[in-house]
Amino acid sequence: MLPYASSMISSEQVESFRRDGFLVLADLVSVTACDELRAAAAAILEDFDPDAVRSIFTTDEQTRHADEYFLTSGDKVRCFFEEHAFDDEGALQQDPALSINKIGHAMHDLDPAFDRFSRTPAIAGLLHGLGLADPVLLQSMYIFKQPRIGGAVTPHDDHTFLWTEPASVIGLWFALEAATIDNGCLWALPGGHQHGPRRRFRRDGDGGIAFDEIDDTPLPDEGFVPIEVDAGAVVVLDGLLPHGSAPNRSAHSRQAYTLHVVERDAHYPVDNWLQRPDLPLRGPDPADSPFVGSPA
Ligand code: FE2
């Protein structure tokens, strides 16, 4: 019995998604599923050697470390530190498990628990209900938004980073814990997706990365709205919708999981930063699991 039919999303919700560029669905996943994913992420951190690689993730292009560790993470499971995890001497300022910004970018294809969370009838039904013809799961990220040091995510749209022709990326942002203004919830610009792409992030052909400026119209400073949600909710984001989040200065983490989905038939440029040379793209249906038929 499917928990949601493909018509789980009403025509009013589809209309509001097209108008606003985002949609909130409460209770798309159970609290138990959220807890299981948090445990799976904790297990990845437990196996991670913080001294082996210290790669810092930031969305500020001035300081983005476009290192090989990041650029080759599209088909792997890797951990990225918070920008402010280290002191001036390069020592971690708090426990390693409280110093990681995110895990990325292919857990949904490489980790059975992430695969289970990412491929469900509810997610498949949602994506088909939104009108995607043949959605494939391109990228996964587990975002910790750590207490006190959880960094801001500057306003951006996801199409900039996951470019397809035509634009097709949809973001699914799952709240694994309550997200509030206090702990750094998402903010988005309603209707902002109707502006075309402003820039494109790509490989520069020289081992680094670059932004192509497409439209220098600045993002407005005002009009962003907070999206406060409880654990189990999903925020669906149009790929062209400007969104971001403030730093988390509170004592509470704000863990979230994101899946970025594209149309299989859309052209995916070879100079997109994220490449998956060894992983075929798979859909959101449980039957598309890479673990189907393999021993438990
Ligand atoms: Fe994003």
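Let's start with helix α6, which lies across β1, β4 (135-143), β6, β11 and β13 and runs at about 140° to β6. Angles here are taken from 0 to 180 degrees between N-to-C directions, with axes fitted as lines to C-alpha atoms, for helices over the stretch in contact. Helices (H or I, at least four residues) and strands (E, at least two) are DSSP runs, numbered from the N terminus.

A quick word on what you're looking at: this is a predicted model, where local features need pLDDT of at least 70 and side-chain atom pairs pLDDT 80 or more, while totals for chains, interfaces and linings use all residues. Residues are numbered from 1 along each chain as its sequence is written, and side-chain values use heavy atoms, leaving out hydrogens and water.

Now the sheet itself. How many strands form it, and in what order? Seven, in an open, antiparallel arrangement: β1-β11-β6-β13-β4-β3-β2. Because β1 and β2 (77-81) stand at the edges with a single partner strand each, one side of each has no neighbour in the sheet. Strands count as paired if DSSP finds at least two bridges between them. On average, neighbouring strands are turned by 20° against each other, direction ignored. Take β6 and β13 (residues 256-263): six bridges join this antiparallel pair, and A175 stands opposite A256 in β13.

Helix α1 packs on this sheet too, touching β1, β6 and β11, and its direction makes about 140° with that of β1. Contact, by the way, means heavy atoms within 4.5 Å.

Let's look around α1, residues 11-20, where V14, S16, F17 and D20 are buried. Those four cover an arc of only 165° around the axis, so they sit on the same side of α1; the arc is that of the directions from the helix axis to the C-beta atoms. Buried means under 20% relative accessible area, exposed over 50%, and partly exposed in between, with a 1.4 Å probe and protein chains only. On the face turned away from that buried side you'll find the exposed residues S11, E12, E15 and R18. After α1 comes G21, with a positive phi near 85°.

Finally, the metal. Which residues are the protein donors of the iron ion? They are H156 (NE2), D158 (OD) and H243 (NE2), lying 2.2 Å from the iron ion. Donors are N, O and S atoms within 2.8 Å of the metal (3.2 Å for Na, K and Ca), and as water is not among the atoms, sites may look incomplete. H156 is buried at 13% relative accessibility, and D158 is buried at 6%.
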